[in-house]
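Take a moment to look over the chain before reading on. The paragraphs that follow walk through some of its charged pairs and then through its backbone.

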Amino acid sequence: MAEEVKNKVYYGLQNIHVAFSKGTDEPSWEKPVYVPGAVELTLDGEGDQDIKYAANMAYVTVNANAGYTGELTMAAFPDEVVAKMLGWKIDRNGMLVEIADAVPTPFALIYEILGDRKPRRCVTYNLTANRPKDEFKTKEDKTEFTDSVMPVTATPIRYQGENIVKGALELSMTNGEAFDGFFEKITLPDFSVPGAEGDGQEAAR
């Protein structure tokens, strides 16, 4: 059997998709929607590390994973995506209206990272967005493009007895079907065979 080729480096961000939560007790999402103009995604881990010292050494280490905070930067967010993310409204004339007491809609974020040998597709399961920062400048002798930066927070969801935050699937010789369908539905993990490198379980019902 041929040996799997592994990436040495990762670069690039593309194929941003958003799938809004259906708000049911079990994890479920609407069909993912492509959002063009990916620029940058930053996710900084939240949670503390507690270390118990004994016998002059670190005896037990416990990591508290509280998810991530970060920013999603796009060339521009479509108004309909912003409205759904933040709980705002679009009026009959197509005007995006900010609602002061709006309730954001949680969503899953799917994206692709390029590697030197093959791509890697990722999903973060439960994000909420905050109001983007507005920053505009007058046009000078050179055009400076203004990106749209959306603050986001990712928290765990409960699935098959585990608190999961995100997943990453790199193309291999055995997971082509799951990889090809990654942007069609939210891919949830399959823990039925412990330690197995399964293709994952697609679920967005």
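Arginine 131 counts as exposed, because its relative accessibility of 52% lies over the 50% cut-off. In this predicted model, arginine 131 forms a salt bridge with glutamate 98, and the closest N and O atoms are 3.1 Å apart. Arginine 131 sits in the loop between strand E10 and strand E11, while glutamate 98 sits in the loop between strand E8 and strand E9, so the pair ties together parts that are 33 residues apart in sequence. Glutamate 98 is partly exposed, with a relative accessible area of 44%.

Why can such pairs form? Side chains of opposite charge can pair when their charged atoms come close. The count comes to five salt bridges, and another of them joins glutamate 170 to arginine 120, with the closest N and O atoms 2.9 Å apart. Because glutamate 170 lies in strand E14 and arginine 120 in strand E10, this pair ties together parts that are 50 residues apart in sequence. Glutamate 170 is buried, at a relative accessible area of 15%, whereas arginine 120 is partly exposed, at 25%.

Turning to the backbone, asparagine 15, which is placed in strand E1, has a positive phi of about 55 degrees although it is not a glycine. Glutamine 160, found in the loop between strand E12 and strand E13, likewise has a positive phi, of about 50 degrees, without being a glycine.

As for confidence, the chain averages a pLDDT of 85, with the lowest mean, 49, in strand E16 and the highest, 97, in strand E7.

Conventions:
Residues numbered from 1 in each chain as written. Predicted model: local features only at pLDDT ≥ 70, side-chain atom pairs only at ≥ 80, totals over all residues. Heavy atoms only, no water. pLDDT = per-residue confidence, 0-100. Helix = DSSP H or I, 4+ residues; strand = E, 2+ residues; numbered from the N terminus. Salt bridge = Lys/Arg side-chain N within 4 Å of Asp/Glu carboxyl O. Buried < 20%, exposed > 50% of the residue type's maximum accessible area, 1.4 Å probe, protein only.
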